[in-house]
Amino acid sequence: IGICLQYLVMPFVGKFVAMVFTSNAEVAAGIVITGSSPGGVASNVIAYLANGNVALSVTMTAFSTLFAPIMTPTMTKLLAGAYVPVDFWKMMYSIIQMVIIPIGSGLIMHTVLERLGKRKRIFARMYDIIMIALPRLSMFVIAFACAILTANARGQLLIGTIVLSVLVSVIVHNLLGLLLGYWGARLFRLGERECRTIAIEVGLQNSGMAAGLALSVFKSELASIPGVVYSSWHNITGALLASWWRNKPTDR
């Protein structure tokens, strides 16, 4: 249910938002590709803070990411093909390069170092250093990449109508995703914790991947901006929602 909502709600809501709030083809394509991306890893933390089902959250993120090489190009080609040319195979290859290979390599490295650490202290120390250093490094790299993407599109972003359309589109896209994710789960009579979790998973996207794909496939800095803005906005709404749900009962 969660995966179906992930790949039905956000892409089609993205198409709707693009049609209503922007006339710029590149921005519209960026909105659609953001909606067609898998769930973001921040959703796991938000689900925990919101007293959601963390196991479900992690599983949804993992499976939506595994399905991304097929689903993201499919939905993008279907819904954004009218705005820009979409190369299905190039997008699939980019997702495998950008997401699947790094995650697979990380899992392998984690397993190898963990096992070696049980035999020799030097590997255990290396494992500890990596686990402390890499999260901080990744946060810096993501922030730096977002800054570069925004700087590259500076000239077009100075046009007031484009800035406004991007901001309004991102806000509406995110809020509708959270709302439809929650009530879509309620429609199937899932528990409160599961409804919260699916709402968060649907509403929080891997928008960093969307921004990267906009550059690598569409060759457009402007198309990457909805993903960059979404990266910041969904963390704000996710944190606010988690704070609201934190003290609300989950047994209804």
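Guide: We may begin with a cluster into which ring pairs link Tyr182, Trp183 and Trp245. This is a predicted model, in which local features need pLDDT of at least 70 and side-chain atom pairs count only at pLDDT 80 or more, while totals for chains, interfaces and linings use all residues. Residues are numbered from 1 along each chain as its sequence is written, and side-chain values use heavy atoms, with hydrogens and water left out.

Visitor: What makes two rings a pair?

Guide: Rings of Phe, Tyr and Trp (its six-membered ring) pair if their centres lie within 6.5 Å; planes under 30 degrees apart count as stacked, over 60 as edge-to-face and the rest as tilted. A search of the whole structure finds five aromatic pairs.

Visitor: Why is the pair of Phe88 and Trp89 called edge-to-face?

Guide: The ring centres of Phe88 and Trp89 are 5.1 Å apart and the planes stand at 80 degrees, so the pair is edge-to-face.

Visitor: Why is the pair of Phe140 and Phe144 called stacked?

Guide: For Phe140 and Phe144 the centres are 5.8 Å apart and the planes lie at 15 degrees, so this pair is stacked. Both residues belong to helix H6, four residues apart, about one turn of the helix. Helix H6 covers residues 121-152; helices (H or I, at least four residues) and strands (E, at least two) are DSSP runs, numbered from the N terminus.

Visitor: How do you know whether Phe88, with a relative accessible area of 18%, is buried or exposed?

Guide: Buried means under 20% relative accessible area, exposed over 50%, and partly exposed in between (1.4 Å probe, protein chains only). Phe88 has 18% and is therefore buried. Trp89, at 63%, is exposed. Phe140 is exposed at 55%, whereas Phe144, at 48%, counts as partly exposed.

Visitor: How many of the residues in the protein chain are buried?

Guide: Buried residues make up 44% of the 252 residues in the protein chain.

Visitor: What makes Arg246 count as a charge over the ring of Tyr48?

Guide: A charge sits over a ring if NZ of Lys or CZ of Arg is within 6 Å of the ring centre and within 35 degrees of the ring normal. Arg246 lies over the face of Tyr48, at 5.9 Å from the ring centre. Likewise, Lys248 lies over the face of Trp244, at 4.1 Å from the ring centre.

Visitor: How do you know whether the radius of gyration of the protein chain agrees with that of a compact globule?

Guide: The radius of gyration is taken over C-alpha atoms, and the globule rule is 2.2 Å times the number of residues to the power 0.38. With 252 residues, a compact globule would have a value near 18 Å; the protein chain has 19 Å, which agrees. The C-alpha trace spans about 60 × 45 × 30 Å along its principal axes.

Visitor: Which elements make up the protein chain?

Guide: The protein chain has eleven helices and zero strands.
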